[in-house]
Amino acid sequence: MSSSRPSYIIVGAGVFGVSTAYHLIQKYPHASVTLVDRDAFDADSRVAASWDWNKVVRADYDDIVYCQLALEAQDIFESDPLWKPYFHQTGIYWLCRSDYAQDVIDNYKKLGRNADLSAVPIDEARKMYGGLFEDADYTDVKEVLVNKTSGWAAAGDCLRAVTRKAMELGVRYVTAEVATLQFDDDGHCYGVKAETGEVLTASHVVLCTGAFTPKLLELSAARSGLTDLRAGPRIVAGGITTGMTKLDDKSYERFAAMPVGVQGYTAKTGPFIGSLPPTKDRELKWWGQTIFKNTQEALPGRHISMPPPERDYAQWKVSGRLKEDIQHANNVFYGRKGASWKMEKHRICWDAFTTSGDFIISPHSASKGLYVATCGSFHGFKFFPVIGRYVLQMLEGSLSPNLATKWAWDRERPDPSLFPDWPRFEMKDLSDPVRASKL
Ligand SMILES: Cc1cc2nc3c(=O)[nH]c(=O)nc-3n(C[C@H](O)[C@H](O)[C@H](O)COP(=O)(O)OP(=O)(O)OC[C@H]3O[C@@H](n4cnc5c(N)ncnc54)[C@H](O)[C@@H]3O)c2cc1C
């Protein structure tokens, strides 16, 4: 550490990193806060899961901790001029195949929140929103959770705006690929080394590196000899396909005021599927049901799941099989209504998963000065306005014991088979078949 002033390097400018920087600089305007990301914050294409056309913003959680946290975040989305322009309160229409609807309603009650939400019988629900979801797949559905207060955010635009605000407040943004973490002789982390060889130092290094976290820790473990740095089974990088169609005038008229759609499944069947209302460019989006690992040899003999090695994670290279996943999503929401829609764009989005779906917001137990704040586990965006406040509490040691335990680096982790969104496939098994070349 080069100065006694607390200083922070935050690697990764997705929602975890930017929210942390934003909360830090507000609380400590004179602190040195540096955000480092391989992509410029206003780049046309970024690898961050947080950089997207849109994301669902909801407090519809059966876990009361996330319900409460999401309500805190949503209050800000609804009222703060920085966030408000990006939030669209369209409501949510969630086909539930378990007691999920009731659990959410109970959580709102326990938290003393009045909101326009209810569990609607299928026959009644089908007629809502002009019958938009009348042709959806209702197999095994018990009821439909309709929460008029949920919605979505223009994710990439919001990320850019808040990053810009943090920079105006004094956060420094460095565009660089971090090759490895730097440690002193006692194993304390004192900075990062970029691929260019440049070394940045700080008293606190916070990894908000999303799906890349296991790989960065693996590389840093190899360079430093600190083998306990490795994520091991704590974090798995998982990919999910998204796809979009551009609605014609007639469909747009019908779908412009649609709510977010969710097909909820149990862990036995698989992850939930979502469909987001059209953006200002009239593009309606889905995410698919196939969540996959990409297990590769990161270093000789070290196999971990990580995004593809291309600089852009090869995120725009989507196999036919994964495109079918989006077609399936279209089908289970809209049936005939969407049968003729042409899919315009596909992207694979990479996130960091834990077996419980909990974040990791914790000091790293293998090195002083090193902290981890990531693992959105496919649901982290909506907490953008508040998550940095909790990262700050973690850095200051004032996180509530309940959250400190839930988000700890070292904790008991449940069997992943209980988590519907756990990556269950391997990317290599989902690629297009290679055709034998003609002799
Ligand atoms: C398809 C999909 C749909 C989703 N939908 C929703 C939704 O509707 N609602 C919701 O709330 N959540 C949703 N999520 C989850 C949410 O997007 C993520 O949980 C969240 O964005 C993760 O944020 P993060 O800051 O941890 O990581 P990211 O946003 O991935 O950011 C990590 C950053 O670290 C940088 N980085 C990594 N390694 C390095 C390095 N070595 N050097 C420099 N920079 C580095 C990357 O460039 C990246 O910018 C979805 C996720 C996916 C994949």
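Me: At what angle do helix α2 and helix α9 pack?
Reply: In this predicted model, helix α2, which covers residues 64–79, and helix α9, which covers residues 384–396, pack at an angle of about 125 degrees, and their axes are 7 Å apart.

Me: Why are α2 and α9 called oblique to each other?
Reply: The angle between them is about 125 degrees, and an angle over 145 would count as roughly antiparallel while 65 to 115 would count as roughly perpendicular, with the rest oblique, so α2 and α9 are oblique to each other.

Me: And which residues make the contact?
Reply: On the side of α2 the contact is made by L69, E72, A73, I76 and F77, and on the side of α9 by F384, P385 and V386. Sorted by class, the residues of this contact are seven nonpolar and one charged, with no polar residue.

Me: Where is F383, and what does F383 touch?
Reply: F383 sits in the loop between β23, residues 370–374, and α9. Not counting residues up to four places away in sequence, F383 touches L69, A70 and A73.

Me: Is F383 buried or exposed?
Reply: F383 counts as buried, because 20 or more C-beta neighbours are needed for that and F383 has 23 of them inside 10 Å.

Me: Which helix holds I387, and what is I387 in contact with?
Reply: I387 lies in helix α9, and, leaving aside neighbours within four places in sequence, I387 is in contact with V15, F16 and S19. I387 is also buried, with 27 other C-beta atoms within 10 Å.

Me: How far is I387 from T20?
Reply: Along the chain I387 and T20 are 367 residues apart, but their C-alpha atoms are separated by 7.1 Å.

Me: New topic: how many residues surround the ligand, and which are the closest?
Reply: There are 38 residues around the ligand, and the closest are G12, G14, G210, G376 and G380. The elements that give two or more residues to this shell are α1 (15–27), β2 (32–37), β3 (55–57), β14 and β21 (343–353).

Me: Which of those gives the most, and what classes of residue are in the shell?
Reply: The element that gives the most to the shell is α1, with three residues. By class, the shell around the ligand holds 19 nonpolar, eleven polar and eight charged residues.

Me: Where does G210 sit, and is G210 buried or exposed?
Reply: G210 is found in the loop between β13, residues 204–207, and α6, residues 213–224. With 26 other C-beta atoms within 10 Å, G210 is buried.

Me: What is G210 in contact with, and how far is G210 from G376?
Reply: Setting aside neighbours within four places in sequence, G210 is in contact with G12, G14, A48, A49, W350, D351, A352 and T374. The C-alpha atoms of G210 and G376 are separated by 7.5 Å, although these residues are 166 residues apart along the chain.

Me: And T241, where is that and what is T241 in contact with?
Reply: T241 lies in strand β14, which covers residues 236–246, and T241 is buried, with 26 other C-beta atoms within 10 Å. Leaving aside neighbours within four places in sequence, its contacts include W287, G288, T290, V318 and L322.

Me: Which residues have a positive phi although they are not glycine?
Reply: Among them are R282, with a phi of about 65 degrees, and C375, with a phi of about 75 degrees. R282 is in the loop between β16 (273–276) and β17 (283–287), whereas C375 is in the loop between β23 and α9.

Me: What does the UniProt record say about residues 8–393?
Reply: The unreviewed UniProt entry annotates residues 8–393 as "domain: FAD dependent oxidoreductase". Over that stretch the model's chain is 27% helix and 28% strand, and the end C-alpha atoms are 14 Å apart.

Me: And which residues does the "transmembrane region" annotation cover?
Reply: That annotation, also from an unreviewed UniProt entry, covers residues 7–25, where the chain in the model is 58% helix and 26% strand, with the end C-alpha atoms 11 Å apart.

Technical notes
Residues numbered from 1 in each chain as written. Predicted model: local features only at pLDDT ≥ 70, side-chain atom pairs only at ≥ 80, totals over all residues. UniProt positions renumbered as here; feature names shortened; annotations may be inferred. Helix = DSSP H or I, 4+ residues; strand = E, 2+ residues; numbered from the N terminus. Axes fitted to C-alpha atoms, helices over the stretch in contact; angles between N-to-C directions. Parallel < 35°, antiparallel > 145°, perpendicular 65-115°, else oblique. Contact = placed C-beta atoms within 7 Å. Nonpolar A, V, L, I, M, F, W, Y, C, P; charged D, E, K, R; others polar. Buried ≥ 20, exposed ≤ 12 C-beta atoms within 10 Å, placed from the backbone. Near = placed C-beta within 6 Å.
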